[in-house]
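Here's a walk through one model, starting at the ligand and moving out to the helices. Have the viewer open as you read.

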Amino acid sequence: MRLVVFGAGYVGLVTGTGLSDLGHDVFLCDIDADRIEALSKGSVPIYEPGLADLVRRNQRNGRLRFGTTIAPPYDRADAYFVAVGTPPTASGAADISAVLSVADEIARVAQTPALVVVKSTVPVGTCDAVQERMGGARVPLEVVSNPEFLKEGDAVNDFFKPDRIVLGARSEGARATLRDLYAPLQLSGERVVVTDPRSSELIKYAANTMLAMRVSFMNELSRLCHATGADVHAVRLGVGTDARIGKRYLYSGPGYGGSCFPKDVQALAALGKASGVPMRLAEATHLANEEQATYLADLVEKSLDGVEGRTIALWGLAFKPETDDVRESPAVKLARALVDKGATVVGHDPEASENFLKVMAERPEHAGKVRVTERDYDALDGAHALVLLAEWRSYRAPNFAEMKRRLAPGDGELPPVLVDARNIWRPLDVLRAGLRYQGIGVSATGTTRVHDRPSQR
Ligand SMILES: NC(=O)c1ccc[n+]([C@@H]2O[C@H](COP(=O)([O-])OP(=O)(O)OC[C@H]3O[C@@H](n4cnc5c(N)ncnc54)[C@H](O)[C@@H]3O)[C@@H](O)[C@H]2O)c1
């Protein structure tokens with residue numbers, strides 16, 4: 001098929017590249033001219049494992065092209081995919097202006113009947129609004145909702161092995177075309193959920209909010225554990241072994257981040273408000289997440305008896321491992337809170353340092369208070385504490401004695417502290433190296449063991 005994908009970000013780039021790898025002729029269109037120029041030269045502007053090789057392979061093959069405007073033959077595409085951003089507005093509701101502007105562009109350029117496949121996460125009713133908006137097109141265009149469920153850090157894998165493919169389509173013809181398109185991804189059994197566009201749009205918000213709710217609940221429990229002396233590892237294992245509950249997304253930590261959970265939870269709450277049906281759980285999930293960020297900043301401050309004039313090292317600046325995405329990253333929130341309290345922050349991340357510095361530079365008053373290091377241990381030199389925020393593999397088995405050597409000597413009786421915001425280290429290993437350990441809702445004296453910790457997102 002001849003396909004156009006609007007938006008060459010995390011979703012559009014993975015989707016477009018994946019579709020070209022399945023044998024389709026794909027044109028990726030983005031208004032960001034720098035991004036398109038880089039991609040045209042084979043340089044992939046985002047970090048996503050396996051993506052760069054896949055882009056280059058299909059580019060060489062002539063099946064994947066990039067541009068900023070639609071020109072023939074792509075005005076005669078079989079389907080136009082919409083994968084542009086839907087960021088939150090001040091009220092938390094999703095801003096769908098980019099989706100609408102793409103809809104206008106498709107209606108203007110399309111020369112032959114086509115499907116318009118909305119992959120962006122959009123509020124219920126958006127596909128219907130887009131359909132109406134394209135009423136003036138010279139050819140029939142049918143809008144289909146096909147929300148994206150990929151996880152950054154594992155997105156290529158998710159494209160080729162999706163848990164499910166949700167199709168919200170009004171006509172049999174549209175359903176059949178998309179079933180055909182996605183058939184090569186389902187050789188081991190069909191995973192398509194077919195429904196109407198409105199239900200399909202809501203499925204995406206429901207799924208993300210449900211997952212975020214589990215994380216927020218565990219984060220609240222971790223604070224309760226801290227206050228009462230219970231241990232959140234034990235609680236997680238005890239709860240997660242109930243088959244009705246399951247083990248995933250039950251890890252306490254610094255709060256969820258990224259471009260999806262925070263925005264989608266708030267958008268569901270806003271949609272509920274606008275529809276006269278308050279989404280109490282979504283509202284509480286968001287609030288609990290905000291509180292977790294404050295809790296973590298307080299924890300660091302308390303463990304050092306104040307952070308003014310101190311240097312704090314942060315490991316893991318992306319919102320999670322295996323991505324360079326720092327949108328809503330707990331590291332950004334913590335760094336800002338610490339600098340506001342008078343601390344200096346030195347960060348390290350295998351892929352996200354540049355993006356982190358860019359975001360931190362948005363607050364000119366923080367200039368000179370934030371830097372990053374190329375090597376992980378260099379961030380610890382002379383720091384009073386290290387906070388682990390995103391559990392990249394390279395942080396999982398560190399040399400604690402080396403950490404002790406690098407960190408500033410503690411205050412009097414108090415050795416330097418490692419704040420393990422992902423609960424991945426064994427407290428005893430840390431204590432044996434002459435350091436203090438502070439986890440999230442776990443014993444600081446090493447009475448519990450960390451168990452296998454598969455990636456959550
Ligand atoms: N990132 C994820 O993990 C993820 C997962 C599932 C769903 N989603 C949803 O997918 C959508 C895209 O997310 P993303 O993370 O890929 O966003 P992104 O910010 O990485 O990329 C969006 C791209 O769209 C481009 N764009 C904006 N307006 C455009 C226009 N009019 N024409 C062409 N290009 C335009 C931007 O320049 C940018 O490159 C959002 O609705 C998001 O909620 C994201």
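## Around the ligand

In the side chain of arginine 327, an N or O atom sits 3.0 Å from an oxygen atom of the ligand; a polar contact here is a pair of N or O atoms within 3.5 Å. Taken alone the ligand exposes 830 Å², and the protein buries 88% of that (accessible areas come from the Shrake-Rupley method with a 1.4 Å probe). This is a predicted model, where local features need pLDDT of at least 70 and side-chain atom pairs count only at pLDDT 80 or more, while totals for chains, interfaces and linings use all residues. Numbering starts from 1 along each chain as its sequence is written, and side-chain values use heavy atoms, with hydrogens and water left out.

With serine 101 it's the side chain, whose polar atom lies 3.4 Å from a nitrogen atom of the ligand.

## Who makes up the shell

There are 26 residues around the ligand, and Val11, Asp30, Thr86, Glu152 and Lys263 come nearest; to count, a residue needs a heavy atom within 4 Å. By class, that's 10 nonpolar, eight polar and eight charged. In this scheme Ala, Val, Leu, Ile, Met, Phe, Trp, Tyr, Cys and Pro are nonpolar, Asp, Glu, Lys and Arg are charged, and the others, Gly among them, are polar.

Helix H1 (10-21) and helix H4 (97-109) each supply at least two residues of the shell. H4 gives the largest share, three residues. Helices (H or I, at least four residues) and strands (E, at least two) are DSSP runs numbered from the N terminus.

## H10 and its partners

Helix H10 (residues 261-274) and helix H11 (residues 280-303) cross at roughly 145 degrees, their axes coming within 8 Å. Axes are lines fitted to C-alpha atoms, for helices over the stretch in contact, and angles run from 0 to 180 degrees between N-to-C directions. On the H10 side, Val265, Gln266, Leu268, Ala269 and Lys273 meet Ala282, Glu283, Thr285 and His286 in H11, with contact meaning heavy atoms within 4.5 Å. The tally is four nonpolar, three polar and two charged.

Helix H8 (residues 197-228) also packs with H10, at about 115 degrees and with the axes 9 Å apart. H8 brings residues including Leu202, Tyr205 and Leu211, and H10 brings Phe261 and Val265, among others. This contact divides into eight nonpolar, two polar and two charged residues.

Most residues other than glycine have a negative phi, and most peptide bonds are trans. Proline 72 and proline 73 are joined by a cis peptide bond, with omega about 5 degrees; proline 73 is in the loop between strand S3 (64-67) and strand S4 (79-82). Tyrosine 249 has a positive phi, near 60 degrees, and lies in the loop between helix H9 (232-240) and H10.

Conventions
A polar contact is a pair of N or O atoms within 3.5 Å; within protein, one must be able to donate a hydrogen and the other to accept it, and residues adjacent in sequence count only if both atoms are side-chain atoms.
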